[in-house]
Each structure stands twice: as C-alpha cells, then as structure tokens.
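Visitor: I have this one open and would like to go through it. Can we start with the charged side chains?

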Amino acid sequence: MKIARLSRLLLTSLLAGSVFAAHGAVDDDFMRVVEDTFKEADAAIGVKDAKTARTDAKELEKMFQEVVEHYARKGDAEEGVKLSRKSIELSAAIGSRVAANDFDGAAMASAELGRTCKSCHNVYKE
Ligand code: HEC
C-alpha cells in the first residue's frame, strides 16, 4: 500500500519535476503518504528496526522540505514554514538518534513530531 503510494508519488515527481508541481498544494494524497511513513517509522523505532526507521526518517525529511517550500511560496504562512521546518529537524533527529542506537531518543523525537503534525493541522487543516 505504502510502496504503491510512494512510487506513484515518485513517478509524479519525476514527471513534474517536483511533488507539488503536480498539485501546487499540500493535499490529502500527499499527507496520507506522510502519515503512512510517519506511522511506519514510529513502529520501526518500537521494534528497533534501524534500517526501516532511518529510511522513513529520510523520506519524511524530504517530504517536509516540500511542505516548507509550499508554505514559503504561499506567503503569509509563517507558522506553516516554522512547523514544517521543525518537522524536518525532528525527522533528522529520528535518523541520527537511530543511527546512534538511541531508540528512546528516537521515540521522543517521533512523539514530538506527532505533536507538530497536530499543531500544523490546528492552524491549516479544515
Ligand atoms: C506544516 C503543516 C503540516 C504539517 C507539519 C503536517 N501536516 Fe498533515 N496536513 C496539513 C494540511 C494543510 C492538511 C490538509 C490538506 C488538504 O485538505 O488539502 C493536512 C492533512 C493531513 C491528513 C489528512 C488526509 C486525509 O485523508 O484527509 C493526514 C492524515 C495528515 N495531514 C497527516 C500528517 C502527519 C502524520 C504529519 C506529521 C508527521 C503531518 N500531517 C504534518 C498540514 C500539515
């Protein structure tokens, strides 16, 4: 399921040059991939599956980079830029904690990332 979505996204981004060039927005399809990836990373941290957790954390970093660009382009969306930047940092923290074999630290970063999703949804999601 997730693989299918990711490859569709990848294909779209290859064709369009960027994930958002096709949609021009942070839309539900994109966010569902974010959610699947986030959940998989969180579960992987729980079972100490470093490989999956690091791969997903990298994916999340890339996706949130797209979100930063989306809000930067949109203008007058400082909170969106701030929260998506914070999400990049937390995704990176997950990756580096896992790399250091610190799964507790990774779990904390993941929980914080979960709260950051909600903060942004409170502001921007209808
Ligand atoms: C910087 C802002 C921002 C962050 C951070 C963010 N989201 Fe979202 N998210 C949105 C917006 C905006 C929408 C609504 C998109 C729309 O309706 O077109 C949304 C929608 C969603 C949806 C709804 C899709 C549906 O089927 O209705 C899910 C699920 C979701 N986000 C998951 C996540 C998860 C998980 C994270 C954190 C790992 C996250 N989001 C982080 C802005 C954000």
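Visitor: Is Arg 115 buried, partly exposed or exposed?
Guide: This is a predicted model, and in it Arg 115 is partly exposed, with a relative accessible area of 49%.

Visitor: Which side chain does Arg 115 meet in a salt bridge?
Guide: The side chain of Glu 112, at 3.3 Å from N to O. Both residues lie in helix H5, 3 residues apart, which is about one turn of the helix.

Visitor: And what else does Glu 112 pair with?
Guide: Lys 86, in a salt bridge of 3.1 Å, N to O. Glu 112 lies in helix H5 and Lys 86 in helix H4, so this pair ties together parts that are 26 residues apart in sequence. Through shared partners, Lys 86, Glu 112 and Arg 115 are joined into one network of salt bridges. As for accessibility, Glu 112 is partly exposed at 27%, and Lys 86 is partly exposed at 33%.

Visitor: How many salt bridges are there in the whole structure?
Guide: The search finds 8. One of them joins Glu 35 to Lys 39, with the closest N and O atoms 3.7 Å apart. Those two are 4 residues apart in helix H2, or about one helical turn. Glu 35 counts as partly exposed at 41% relative accessibility, while Lys 39 counts as exposed at 51%.

Visitor: Switching to the iron atom of the ligand. Which protein atoms are its donors?
Guide: SD of Met 31 and NE2 of His 121, lying 2.0 to 2.3 Å from the iron. The site has 6 donor atoms with angles of 85 to 178° among them, and its geometry is octahedral.

Visitor: Where do Met 31 and His 121 sit in the fold?
Guide: Met 31 is in helix H2 and His 121 in helix H5, so the pair ties together parts 90 residues apart in sequence. Met 31 is partly exposed, at 23% relative accessible area. His 121 is also partly exposed, at 31%.

Visitor: OK, the core. How many residues does the largest nonpolar core have?
Guide: It has 27, and the residues with the most contacts inside it are Ile 45, Leu 60, Phe 64, Ile 94, Val 98 and Leu 113. Helices H2, H3, H4 and H5 each supply at least two residues of this core. The largest share, 8 residues, comes from H3.

Visitor: What does Phe 64 touch?
Guide: Leaving out residues up to four places away in sequence, Phe 64 touches Val 34, Ser 84, Ser 87, Ile 88, Ser 91 and Leu 113.

How values were computed. Residues numbered from 1 in each chain as written. Predicted model: local features only at pLDDT ≥ 70, side-chain atom pairs only at ≥ 80, totals over all residues. Heavy atoms only, no water. Core = buried A, V, L, I, M, F, W, Y, C linked by side-chain atoms within 4.5 Å. Buried < 20%, exposed > 50% of the residue type's maximum accessible area, 1.4 Å probe, protein only. Contact = heavy atoms within 4.5 Å. Donors = N, O, S within 2.8 Å, 3.2 Å for Na, K, Ca; no water. Tetrahedral: all angles 85-135°; square planar, octahedral: opposite > 155°, others 65-115°. Salt bridge = Lys/Arg side-chain N within 4 Å of Asp/Glu carboxyl O.
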